[in-house]
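Student: Hi! Could you walk me through this model, starting with how its helices pack?

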Amino acid sequence: MKSFVFPEFRIIRDEAKCGQCRGCERQCAFGTHTYDPVQDRLISDDYKCAGCQRCVVFCPKNAIEVRPTPSPYRANASWSREKMEDLKKQAETGGVILTGCGNDKPFRVYWDHIVLNASQVTNPSIDPLREPMELRTFLGAKPDVMEVKTDKGDVEIRTKLSPNLVVETPILFSAMSYGAISYNAFRSLATAACKSGTYFNTGEGGLPKEMREKFGKCAIVQVASGRFGIDAEYLNCASAVEIKVGQGAKPGIGGHLPGEKVSAEVASTRMIPAGTDAISPAPHHDIYSIEDLSMLIYALKEATNYEKPISVKIAAVHNFAAIGSGIVRAGADIIAIDGLRGGTGAAPKAIRDNVGIPIELAISSLDRRLRNEGIRNRCSIIAAGGIRCSADIVKAVALGADAVYIGTSALIAMGCNLCQKCNTGKCNWGICTQDPRLAGRLSVDIASQRLANLIQAWSHEISEMMGGMGINALESLRGNRDHLRGVGLYEWELEVMGIKGAGE
Amino acid sequence: MAMAHNAQPQLLETTGSGESMDAVEVDATNLATKELNDRLRELMLSGVEKVVLRNVCGQRYIGTRLYTPEHRKMDIEIYGTPGNDLAAFLFGHNIRVHANAQDGVGNTMDHGEIVVEGRAGDVLGFSMRGGKIFVRDSVGYRTALHMKEYEDKKPVVVIGGTSQDFLGEYMAGGIVILLGLGGKPHKGNFLGTGMHGGVIYLRGTVDKTQVGGQVDISPLNDADKEIVDHYVSEFVQRFPDLGIGKEEILKSDFIRLSAKSKRPYVKLYA
């Protein structure tokens, strides 16, 4: 059937500069560029281009430019180009539109409507280059009462403490499974996490056996509805276990890792036959209630000899704060909430772009709810989904989070340009693919260095912003909404976040 | 094929003589779940290989906290009714329950064997990847849901009676056998919904309306018969008190439920 969809990108090749080296042809897994020996020139097919910019970056002659094409349709505020073309694709195939990455629709980004405070005259600001600044934090349950005994200056803690994760900076790598991302990308995250004193999250695709000894100590292993690659060894090699209930990019639905991506290595890590679809059901079929969730939380505590904190990850949706309260009461040590803009390796676009609530509103509601119920100490909150810079992290912590997960940001650090074709498995940057030729493009040394650099840069910026507010420890920033003010927000939005308007 | 399971784990005596010389007895009366499992773990770490639990009453996760990096193994006999998630994440131990079991038996278990001399509740063998479960009577809803297999790990569940709805939902591997002993008809619906691997053998029959759209119903071929024969023998061995011989069970016809495709959702996307 002839497709009526127009190309999204236009490839402009400067023929004067092009040396016919065919580098672009090799770089593109979508088959955009082909060499015509008769004309001795490269021909580019705009229709195949994903807009990932790989060929542009790697052209030795700077001869290629890839530009988004303007909409070819008559302007129509209701019928955007995207709406029309998605509809055409469905009319042509009868299928669900799949996509990758996070929600790209113009929902209000609250981070950009919140400003931070700084000390002036009173309560002088602190220079993190000269004075100690504490970004280290502990994730897990804290006791209701701490009983201590002092003996000749020695302090002994009498209360039995729950296991906690120690993070040197409040930035963790979000769950991205081996299978969704390449082995090299997965290993880069692990390497950078260990180097930076933080953690990476395995997602639900298991943890390759050869990585367990070296990287287990900085791994949070996930238990999701598909239960792939889970055995007692996997659970015990890690520092924490996370039950994945929901994901910001696709709340309420499961996942299908298509058979093409289930290579022999992915199969062995997930412990399923190669080439079969790895299907994660929408719910955990042993969890239909908070009581059932509690049962799995304690099953995991039992399986790990009560040595590891158990996290529960949910997508931020309506009334989720009440569910969060239930999760804490069910025994979770950490709640991870993933907002509307959280990313994914593949999700139906209709779900990605329409389900869930922004993380900024969610953090504050959950923190407030738990405080009001007097149970905030029983768990830590990790916020995820839409963290783009250090200032977002400072704001997230001031709204009530203990730490954040970054997924999309980490991918961009490795080379991702958000072309949103993760679901095709043809990632030219070697990140979201199982094709060995493509995956080999990502160097673990370089990618992990880029990730570690990002963590270092952001951590320093966080220290600077905290110092400016006269705060020298992350603990004093947490839930400190006094340091936030809203700009251009409605009353209800300020109220949900518990912050004042600027100027107040 | 399935005969890879020929090497049998050494089973406990089945005739109430679990109190063999080296078995340690634990009285579970008034022990909380954690206390009982603390005790079991201590015993295993001290080198005990056989334990008899008396007066168990609803304590959960029995067998779950018995993973050690050295892969120690333990035989556990349970008198009384164990609570939910019996043998969740089980890592190679053998458990025999001289009573009924509750929900979540063998949840995500990796290897080992569970024998239930009675009935079991819902979600038995959920996401199980290896090992065997034998239940003398019937089981509840969502049995063997998302059961999977990998290389030499092929989980097996044999049920003497029948199951309720959603048996083998999302099933991706392994073998489930329902014997329907005592003339129990298979009344469960939505059998094998979303199934994309593994096989279910039913003694007796079901109507087409009882199975999910992804399921094929077929008669047994010779290879199937060999598998059924093998596991029915194992079942009969484990429940001598039933007084039923293998031949008597195998006299009746079986049907086979299997996935139409390993990729049920391949045509779903644009």
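**Helix packing and domains**

Tutor: The axes of helix 9 (residues 320–329) of chain A and helix 11 (residues 359–372) of chain A cross at roughly 50° and come within 9 Å. Helices here are DSSP runs (H or I, at least four residues), numbered from the N terminus. Axes are lines fitted to C-alpha atoms, for helices over the stretch in contact, with angles from 0 to 180 degrees between N-to-C directions. This is a predicted model, where local features need pLDDT of at least 70, side-chain atom pairs count only at pLDDT 80 or more, and totals for chains, interfaces and linings use all residues. Residues are numbered from 1 along each chain as its sequence is written, while chains are lettered from A and ligands numbered from 1 in the order in which they are written.

Student: Why is helix 9 of chain A called oblique to helix 11 of chain A?

Tutor: The crossing angle of roughly 50° makes helix 9 of chain A oblique to helix 11 of chain A. Angles under 35 degrees count as roughly parallel, over 145 as roughly antiparallel, 65 to 115 as roughly perpendicular and the rest as oblique.

Student: And which residues make the contact?

Tutor: Helix 9 of chain A brings A:Phe320, A:Ala321, A:Gly324, A:Ser325 and A:Val328, and helix 11 of chain A brings A:Ala362, A:Ser365, A:Leu366, A:Arg369 and A:Leu370. Contact means that the C-beta atoms of two residues, placed from the backbone, lie within 7 Å. By class, six of these residues are nonpolar, three polar and one charged.

Student: New topic: where are the domains of chain A?

Tutor: Domain 1 covers 9–95 and domain 2 covers 137–142 + 161–501; such bounds come from an automatic or database domain assignment. Ten residues from domain 1 of chain A and nine residues from domain 2 of chain A form their contact. The domain centres, taken over C-alpha atoms, are 33 Å apart.

Student: What about the domains of chain B?

Tutor: Chain B has domain 1 (20–83) and domain 2 (102–262), with 27 Å between their centres over C-alpha atoms.

Student: How many residues does each chain put into the contact?

Tutor: Chain B gives 34 residues and chain A gives 31 residues.

Student: What is the mean pLDDT of chain B?

Tutor: The mean for chain B is 91, and 92% of its residues reach 70 or more; pLDDT is the predictor's confidence in each residue, from 0 to 100. Residues 1–20 of chain B have pLDDT below 50. Where pLDDT is low, the predicted coordinates should not be read in detail.

Terms used:
Helix = DSSP H or I, 4+ residues; strand = E, 2+ residues; numbered from the N terminus. Nonpolar A, V, L, I, M, F, W, Y, C, P; charged D, E, K, R; others polar.
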